[in-house]
Amino acid sequence: MKNLGLNVGRIEYIPSNFKNLVLDFKYEGNIIEPNSLIQKGETVDIVLGNGNTSNDQVAIPSLVGKTLAEAKAILLRAFLNVGEILPDNTIKTEADQSTAIIYQQEPEFEENMTMKMGGDITLYLTKDKEKIMALDSLSIEELQP
């Protein structure tokens, strides 16, 4: 879709015999009909088949310490969506948001925790150096025996 100049929006799963088969594309919540024109740079949602399986769970990725752009790419590969983006009071502009760090996510990352494909993860952003340093010290403590 990038080659066509379109951005990937949300991923939606619906019943289908084939898992991850692209069934439709949506623009502004409506199914895109054949021969429709979409402007370059617009965001398009993808509708995929769920494979009619009860195993529609995917691992929850760890997004803490990542930028919003990094988190969006990780979630797309994990078949999940960005839910709410909740900036703290250090985020004043879109430029701040693009350089901010995720200091919390919901649901939280835990080893072997899963959620339904197409689910949303809420992201909390900050530019607060103390919150970011606390993340660094947590990851160092986790590495020590």
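Predicted model: local features only at pLDDT ≥ 70, side-chain atom pairs only at ≥ 80, totals over all residues.
Trainee: What makes up the protein chain, in terms of helices and strands?

Mentor: The protein chain has 3 helices and 9 strands. Along the sequence, these follow the pattern β-β-β-β-β-α-β-α-β-β-β-α. The C-alpha trace spans about 50 × 35 × 25 Å along its principal axes.

Trainee: Why is Thr122 called buried?

Mentor: Buried means under 20% relative accessible area. Thr122 has 14% relative accessibility, so it counts as buried. This residue lies in strand 9. Leaving out residues up to four places away in sequence, Thr122 touches Gly83, Glu84, Leu86, Gln104, Gln105 and Glu106.

Trainee: How much of the protein chain is buried?

Mentor: Buried residues make up 30% of its 145 residues. The chain exposes about 9,600 Å², and carbon and sulfur atoms supply 52% of that area.

Trainee: Why is Met113 called partly exposed?

Mentor: Partly exposed is the band between buried, under 20%, and exposed, over 50%. Met113 has 37% relative accessibility, so it belongs in that band. You will find Met113 in the loop between strand 7 (101-106) and strand 8 (114-116).

Trainee: How do you know that Met113 is in contact with Ile60?

Mentor: Contact means heavy atoms within 4.5 Å. Leaving aside neighbours within four places in sequence, Met113 is in contact with Val58, Ala59 and Ile60. Be careful with the C-alpha atoms of Met113 and Ile60, which are separated by 6.0 Å. That value is for C-alpha atoms, while the contact rule asks about heavy atoms. Along the chain, Met113 and Ile60 are 53 residues apart.

Trainee: Which residues touch the most other members of the largest nonpolar core?

Mentor: Leu63, Leu80, Ile102, Ile121 and Leu123 do, out of 21 residues in that core. Strand 1, strand 4, helix 1 and strand 9 (120-126) each supply at least two of its residues. Helix 1 gives the most, with 4 residues. In soluble globular proteins, nonpolar side chains tend to be buried together. As for Leu63, its contacts beyond four places in sequence are Ala71, Ile74, Leu75, Ile102, Gln105, Ile121 and Leu123.

Trainee: What makes Phe79 and Asn20 worth a look?

Mentor: Look at phi. Phe79 is not a glycine, yet its phi is positive, at about 65°. Asn20, also a residue other than glycine, has a positive phi near 65°. Most residues other than glycine have a negative phi, and most peptide bonds are trans.

Trainee: Where do Phe79 and Asn20 lie?

Mentor: Phe79 is in the loop between helix 1 and strand 6, whereas Asn20 lies in strand 2 (residues 19-27). With a relative accessible area of 28%, Phe79 falls between 20% and 50%, so it is partly exposed. Asn20 has 28% relative accessibility, so Asn20 counts as partly exposed too.

Trainee: What makes the peptide bond between Glu106 and Pro107 cis?

Mentor: Its omega is about 0°. Pro107 sits in the loop between strand 7 and strand 8.

Trainee: Which residues lie nearest the centre of the second largest pocket?

Mentor: Val8, Gly9, Lys72, Ala73 and Leu76 do, among 14 lining residues. By class, the lining has 6 nonpolar, 4 polar and 4 charged residues. The volume of this second largest pocket is about 300 Å³. Strand 1 (7-14), strand 4 (43-50), helix 1 (68-77) and strand 6 (81-87) each supply at least two lining residues.

Terms used: Residues numbered from 1 in each chain as written. Heavy atoms only, no water. 1 Å grid on protein atoms, 1.4 Å probe; cavity = no way out; pocket = protein on both sides within 12 Å on 5 of 7 lines; lining within 4 Å. Points joined across faces, edges and corners; volume = space filled by probe spheres on them. Nonpolar A, V, L, I, M, F, W, Y, C, P; charged D, E, K, R; others polar. Buried < 20%, exposed > 50% of the residue type's maximum accessible area, 1.4 Å probe, protein only. Areas by Shrake-Rupley, 256 points an atom, 1.4 Å probe, with all protein chains shown as cover. Core = buried A, V, L, I, M, F, W, Y, C linked by side-chain atoms within 4.5 Å.
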